[in-house]
Each structure stands twice: as structure tokens, then as C-alpha cells.
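Here's a quick briefing to read with the model open in your viewer. Have a look around first, then come back for the notes.

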Amino acid sequence: MECPYCLSEKILKRGFDSLQDGTLVQRYQCKDCNRRFNERTGTPMARLRTASSVVSYAIKARTEGMGIRAAGRTFGKSHTTIMRWEKRLADQAQNWSPPAPAASDVTVEGDEVYTRVGKNLPPSQSQGWTIHFLERESRYWLTAQAGLKDAQLFANGVYSAWEWVKACDGIRWFTDGERRYGQELWKLANVYLNGEECHPDYGHRKVWREGLEVAMKVKGSQGNRRVEWVKAEHPFTAISLGSEVHANHNEAHNAALRRRCSAYRRRQSLYAKKRSGLQRVLDVQRLIHNWVRPHWGLSKQTTPAMEMGFCSRPLSTLELLTNKGFRYVPC
Ligand SMILES: [Zn+2]
């Protein structure tokens, strides 16, 4: 045990905090900085008096598709309390989002999904868009951003996906036909070839970073699909077969999102009314998807985070709520 504020190990026990169900939580005081804390400090459960198991069951029900009001009735709380619990976990999403291991080889698929948010606006004016990226082999869900389908949303989504992926040696970046994925990435990941790399026959000087391949699947007017590579690759980058370029896993993932996340299903849902509400439920879904729920497409009892090498067993929802991030969980 160390002080969460100054990291000192000189800790005194200082009585107990009691939770609503009567459980006692040991309280501590730091001898160096004098601040008081308990084992929940710094976790999503900090300063709550509700038992962690109750919050955990509510989050589980919500991430299996229960609506916010139904969850309130089931757990004997108001729906705003359930929302606040979700917000507590969503606020810690960064602590559960390590970047891809350096030198690994990944395929990211980018795609958009839409739900109605608030008033019945045409899709171009709606904040109900989500753009998100999955890693193909592990099914790890690297980022999801909700908002208006505008330049800012693509810039944010691409930036956070690139931050996740950029330490990798081999990167295949495959999306649907939306050109803004490639345009935003080009700003972040282009390089100039120097003399020895630049053979006169190659014909390009400004190319993608070495090891990065960018392609999209474009829907033609007849419904047929063709693959288009975006900008020139580095001369040392191997290029995939056209048949590998797709976002099929991401599309299957969208179907799962509609099933498990009531905000994407009940189109009149009151609490997907704001972009911030949609972002909150997306963050919670993403953490459960990556860390808690074994994925049917992987070997038995394997979560996407295990497949990425971030941990060696599935975590429980309770562990997400009572830890300060993946680094603190014995795993
Ligand atoms: Zn201290």
C-alpha cells in the first residue's frame, strides 16, 4: 500500500469508512503528506458509498443492452445515478487504453456507425455518428468517437487511432470508402524519401511512413466494390492482396454494438440525446469489450486485451471499477 498522492509508503491505519451495505473499508493516512485515503481512492468507486458489486452488476446489465431507466428500476436507483456510475468508469478509459506494443504487426479497420441523437435531424446534422477502429486479429477496439460527422470527428478519430498504432512496425490501415480517414492520416504519417531510398523509377518523393499501408474499399454506383490504395506507399513496404482490404470485422462489431448498447437500438432513447451521453456509453462498452468479455472469434476464454498481450486472463467488471488502471491489476 502506498499513498496515492505522494507515493510514500509510510502509511497509518485510521479507522474505517462504512458503505451502504454495512461493509467497512479501511481508511489510511499518509505520514508524509498527511492526506487521507482508502483503497477506493483513484478508482471509479472513489468516495461512493455504494458496494462495488452493485455498481458492477448495473454496468454488466447496461453493457448487455439494458436501457438506462430499466437499469434504474432493477437496481433501485434513479437513472441519473446509473449514468453517474457509467461516467465514473468512462472517465478512467485512458488508464485502460495502452498503445499497441512496439514492433508488432497490426491491421486496423475503420468504419462509421450511426444512431439518432436528440431531435430528428438529417444524418448530416446529427451528433449521432460514431467513428471507430478495431484491430483485426485481436478484435481490440482501439478508439470510438461520437459526434457530428464532420472534419473534427475524423481528425479526432484518426489521431487517437494513430497514437495507438504508431509504434508498430507493420500497419495495415483499411477503411470503408470515406476519404477523410486517409486525408487525416496523411497529415500525421507522411515522410519524404531521401536519396538512397528514392529510386528515379519509383516516381514519388512524399510517401507513407515505412511499414504503413493505407487502402479503402469503395462502393461503386452499381453496388460493386473495389479496393483503392490511398497515396503511395514507402518502397520498402509490402502491399497486401486486394481481398484483404475490408472492414468486415468492424461491420460485425457494429451489429454487436446495436445489440448490446441500448443507445444504438432504441432510436427515441432519451439519454442518447447528447453527444456526451453517447461517448459515455461507448467508452464503457469499449472497456468491457477489450478487457472483460472473451471474444467468440478468439480462442476460448480470450479477451482482445489478452490477444494484444496486455494481460493474461479476462478481468471482471468489478476489477475495472476497483483498480486505477490495467497496470495495477495482478494479471
Ligand atoms: Zn502522501
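This is a predicted model: local features need pLDDT of at least 70, side-chain atom pairs count only at pLDDT 80 or more; totals for chains, interfaces and linings use all residues.

Residues are numbered from 1 along each chain as its sequence is written, and side-chain values use heavy atoms, with hydrogens and water left out.

**Overall picture**

- The protein has nine helices and 11 strands; these are DSSP runs numbered from the N terminus, with helices being H or I of at least four residues and strands being E of at least two.
- Its C-alpha atoms fill a box of roughly 75 × 50 × 35 Å along the principal axes.
- Of the 331 residues, 51% are buried (buried means under 20% relative accessible area, exposed over 50%, partly exposed in between, with a 1.4 Å probe and protein chains only).
- Take the contacts (heavy atoms within 4.5 Å) between residues at least 6 apart in sequence: 59% of them join residues at least 24 apart.

**Domains**

- The protein splits into domain 1 (1-39), domain 2 (41-98 + 274-331) and domain 3 (105-251), with bounds that come from an automatic or database domain assignment.
- Domain 2 and domain 3 have C-alpha centres 28 Å apart, and their contact takes 21 residues from domain 2 and 19 residues from domain 3.
- Between them, domain 2 and domain 3 bury about 1,500 Å², 65% of it on carbon and sulfur atoms (buried area is the accessible area, with a 1.4 Å probe, that two parts lose on being put together, summed over both).

**Nonpolar cores**

- The largest nonpolar core has 58 residues, and Trp173, Leu185, Leu212, Trp291 and Leu320 have the most contacts inside it (a core is a set of buried Ala, Val, Leu, Ile, Met, Phe, Trp, Tyr and Cys residues joined through side-chain atoms within 4.5 Å).
- Helix α4 (residues 151-165) gives the most to this core, with seven residues, and the core draws at least three residues from each of domain 2 and domain 3.
- Apart from this core lies another one, of 13 residues, including Trp141, Ala144, Val281 and Leu282.
- Leaving out residues up to four places away in sequence, Leu185 touches Val158, Trp162, Trp173, Trp208, Leu212 and Val214.

**Helix α6**

- Helix α6 (residues 248-260) has 13 residues and reaches 19 Å from first C-alpha to last, close to the 18 Å expected at 1.5 Å a residue (the expected span is 1.5 Å times one less than the number of residues).
- The buried residues of α6 are Asn250, His253, Asn254, Ala256 and Leu257.
- Seen down the axis of α6, these buried residues fall within an arc of 165 degrees, so they line one face of the helix (the arc is that of the directions from the helix axis to the C-beta atoms).
- What do they pack against? The partners are β4 (105-114), β5 (129-135), β6 (141-147) and α7 (275-292).

- Phe133 sits in strand β5 and is buried, at a relative accessible area of 0%.
- Arg139, in the loop between β5 and β6, has a phi near 65 degrees, a positive value in a residue other than glycine; Arg139 is buried, at 13% relative accessible area.
- Lys231 also has a positive phi, about 60 degrees, although it is not a glycine. Lys231 lies in the loop between β11 (225-229) and α6 and counts as partly exposed at 48% relative accessibility.
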